[in-house]
Each structure stands twice: as structure tokens, then as C-alpha cells.
Amino acid sequence: MDRRTLQRRLSAGKAAVTLALAVAAVLASTIPTAQAAPQRGTSQCGGRGIDTTALIHYTSDIVITAPLSTVWKLQTDVERWPSWQPPVITAERLDPGRLKAGSQFRWTTPAPATPTTPATTLAITSTVQELQRHNCILWSGPAIGEGLRIDEGVHLWTFRKVEGGVHVHTEETWTGTQVEADVPTATAALGAGLEAWLHDLKTTAEAHTSDPPRSH
């Protein structure tokens, strides 16, 4: 095993442990706050949003002290996700050009063991359903791993300039017989993943903003 492969496996292992701890923390809080959120699914992109009939749903918000252009670039430069998101092991575009409606990408992330499913690595194939530059993006697709399957995840992101930075809203739903067999655990796993994503996005965007300008 070469050094690069070893480092990647160690990073993936740490990400799985981190996610498992986050899931435990969300479970310990009894129920994610998003479950009690009013007017579920009212946020949209191009008139479309999450699956309002899905049993598994989580939503969260954060304010990032960085330019909108910085936040947007980090979020939509899919192939660079592994460089700033430890839970993303690999990410690849399946078509060329700027990300737009109809674009597809495939990415992998560890999923910790739960009382009903084994620890595994999920391969997620996402299709962009709607995209409005510097405003919102909606994608959906299945996530498949050994012993675990999510038939469809629908993931919405919106971005809005506010005083001092950018308000980021994210909302996601999961459907599928396997994950619906234990809704609280699946919701906790979804919530932990989204909270980690928001934290990493905020940390990375703000670090980029505070970097000193490069000399030429």
C-alpha cells in the first residue's frame, strides 16, 4: 500500500468515526430540531424543493462570514469537495462544463453502523434538478452501499446575502424501505451529515476570506 492510499484510508476512517459520534449526539438530543420546523418544504429552487411526503427530513441554517462568491464556488466545485470535507472520500463530475440543471456527479462517503444497518461506504449519484447561480441548487439521487440503500435523497441549498455574510439554508429528505424502517436513526444520521457539511463549509469559506492576498 502506497503512502497516498494509506493517508486516504486513515482520513476516511477518521471521517466515519466523526460521523458516528455526530449521529450519537443527534440521537442523544432525542429528535432533530428540523422535525419540528414549521412550513416544511416551503424553500424552493426554481419552483422545486424537497420531497414533502418523505418520512425522513432534516433542515438547518448557518450564517457564514464570507463573500457569496466564495461560498458558492466551494459548494459547486464538486470535484474539490474532498479537499475541505473530511466525510467526502471521492467526488467526480460525470459530464463536462459548468454545473447546471441536468449535470451529474458521483461521490462517496462513509456511513457508520446503526442498530439496523452495517458500517459501509455509500456511493451517491446525484443529478442537479435546478440551479440558479449564487442563489440556490437542488439535486437528487440514490445512495448505495454494501448492506445499505437510500432509494432517493433530495437535497436543497439556498444562499442569501445578509449583513456581514451569507445565510445558508439546507434541507434534505430520504426515501427508501430500508431507511424508513428506523426513521429516528436515519433522521439522526442525515442531520449529523448536514450539520458537519455546514460546519466545514463555514470553516473553509471563512478561512479563505481571511487569507492574505497573494503577491504577484
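Colleague: What makes strand 6 and strand 7 a hairpin, and which residue in the turn has a positive phi?

Modeller: They form a hairpin with two residues between them, and Gly164 in the turn has a positive phi of about 90°. Bear in mind that this is a predicted model, where local features need pLDDT of at least 70 and side-chain atom pairs count only at pLDDT 80 or more, while totals for chains, interfaces and linings use all residues. Residues are numbered from 1 along each chain as its sequence is written, and side-chain values use heavy atoms, with hydrogens and water left out.

Colleague: How do you know that strand 6 and strand 7 pair?

Modeller: Pairing takes at least two bridges found by DSSP between two strands. Eleven bridges join strand 6 to strand 7 (residues 165-175), so by that rule they pair, and they run antiparallel. As one example, Val154 stands opposite Thr173 in strand 7. The strands themselves are DSSP runs (E, at least two residues; helices are H or I, at least four), numbered from the N terminus.

Colleague: And what about strand 5 and strand 6: how many bridges do they have?

Modeller: Strand 5 and strand 6 (residues 148-162) have nine bridges, in the antiparallel sense. Ile144 has Arg149 in strand 6 as its bridge partner. This is a hairpin too, with two residues between the strands, and Gly147 in the turn has a positive phi of about 85°.

Colleague: Why is the link between Cys45 and Cys136 called a disulfide?

Modeller: The term asks for a pair of cysteine sulfur atoms within 2.5 Å. The sulfur atoms of Cys45 and Cys136 are 2.1 Å apart, so the pair qualifies. A search of the whole structure finds one disulfide.

Colleague: What makes that disulfide right-handed?

Modeller: The torsion about its S-S bond is about 70°, so it is right-handed. Cys45 sits in the loop between helix 1 (3-28) and strand 1 (56-64), and Cys136 in strand 5 (residues 136-145), so the pair ties together parts 91 residues apart in sequence.

Colleague: Are Cys45 and Cys136 buried or exposed?

Modeller: Buried means under 20% relative accessible area, exposed over 50%, and partly exposed in between (1.4 Å probe, protein chains only). Cys45 is at 0% and Cys136 at 1%, so both count as buried.

Colleague: Why is Val88 called buried, and what does Val88 touch?

Modeller: Val88 has a relative accessible area of 5%, so it's buried. Leaving out residues up to four places away in sequence, Val88 touches Trp81, Pro82, Trp107, Thr108 and Thr109, where contact means heavy atoms within 4.5 Å.
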